[in-house]
Amino acid sequence: MTGPALVADTTSYLPAELTERHGVQLVSLYVGIDGKQERESEISDYDDFYQRLRASGEAVTTSQPSVGDFISVYEPLLAAGREIVSVHISAGISGTLEAANQAIERLTSEGKGGERIHTVDSRSAAGGTGMVLLAAMIAASGGADAEGVVRQAERARDAGGIWFSLDSLEYLRRGGRIGAAQALIGSTLKIKPILTFAEEVTPVGRVRTRPRAVARLIDYARQRHGEGADAWVVQHIRDPESAEQLVQACRPIFGRDPLFVSEVGPVLGAHAGPGMIGIGASAESAFE
């Protein structure tokens, strides 16, 4: 028997080279657009997807993996004698973790070792979940057992946070996922909201121009650095230029390169929309 296997859903959007290097097995969420449901993991052409999203006049739907999707990943790992640490998007945002827990219950009741699966609720999404997963990956590669991997992942989660700005609230409104950000709409969608992921999408501010949105995210970086969170990430949707602007501005603040820079994919992108930019930070000690 070797160390714990790592499983995650597809909504952290870590660079593929990282998840592949650490052997993370991904369970895909689904996105439905123009009447067709697709696995997020099978959508490789983001240009095409976001063009379809812009052109679609209908709400784009997203859904969690099925219990069977989780069982198909968990069961072979358990049969090989592995313990599993499974890291997921916030249970307050998605039913993904509940589907994982149902799969665990079934595997346990069938005597297939479900009790050897340990789940971690990232209490975040996108880069926030990515930092939690990356901390788990580092712990596992360093020889930690399942409990140690969970502890390190939870350390990154509890010290972490992510702010992001949308180019428009239209996609959140269209998909019905606006949550506590509903109060930002008022009579117009022509603002640049600053939001965070927690138990739901929560507003933390609003500005009217893109440069001001970037400035607010840089201010957040300074705040997080002041709180001792010096491990950081940047994400975007179809806006690598703004992502690079954030990287250049925040590198001197944190005194190190970001853990990763990546693009958010279709499931969360369907609700955030093109033009999203975000920055997250957590405790550097969780990634050592």
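The model is predicted, so local features need pLDDT of at least 70, side-chain atom pairs count only at pLDDT 80 or more, and totals for chains, interfaces and linings use all residues. Residues are numbered from 1 along each chain as its sequence is written, and side-chain values use heavy atoms, leaving out hydrogens and water.

**Helix α9**
- Helix α9 covers residues 240-254; helices here are DSSP runs of H or I with at least four residues, and strands are E runs of at least two, numbered from the N terminus.
- Its 15 residues should span 21 Å at 1.5 Å a residue, and the end C-alpha atoms agree, being 20 Å apart; the expected span is 1.5 Å times one less than the number of residues.
- Buried residues (under 20% relative accessible area, 1.4 Å probe, protein chains only) in α9 include Leu246, Cys250 and Phe254.
- Gly255 follows α9 and has a positive phi, near 75 degrees.

**α8 beside α9**
- The axes of α8 and α9 lie 10 Å apart, at an angle of about 30 degrees; axes are lines fitted to C-alpha atoms over the stretch in contact, with angles from 0 to 180 degrees between N-to-C directions.
- The two helices are therefore roughly parallel, a term for angles under 35 degrees.

**Ser56**
- Ser56 sits in the loop between α2 (46-55) and β5 (61-63).
- Ser56 is buried, with a relative accessible area of 5%.
- Beyond its neighbours within four places in sequence, Ser56 is in contact with Ile33, Asp34 and Arg174, where contact means heavy atoms within 4.5 Å.

Notes. Buried means under 20% relative accessible area, exposed over 50%, partly exposed in between (1.4 Å probe, protein chains only). Angles under 35 degrees count as roughly parallel, over 145 as roughly antiparallel, 65 to 115 as roughly perpendicular and the rest as oblique.
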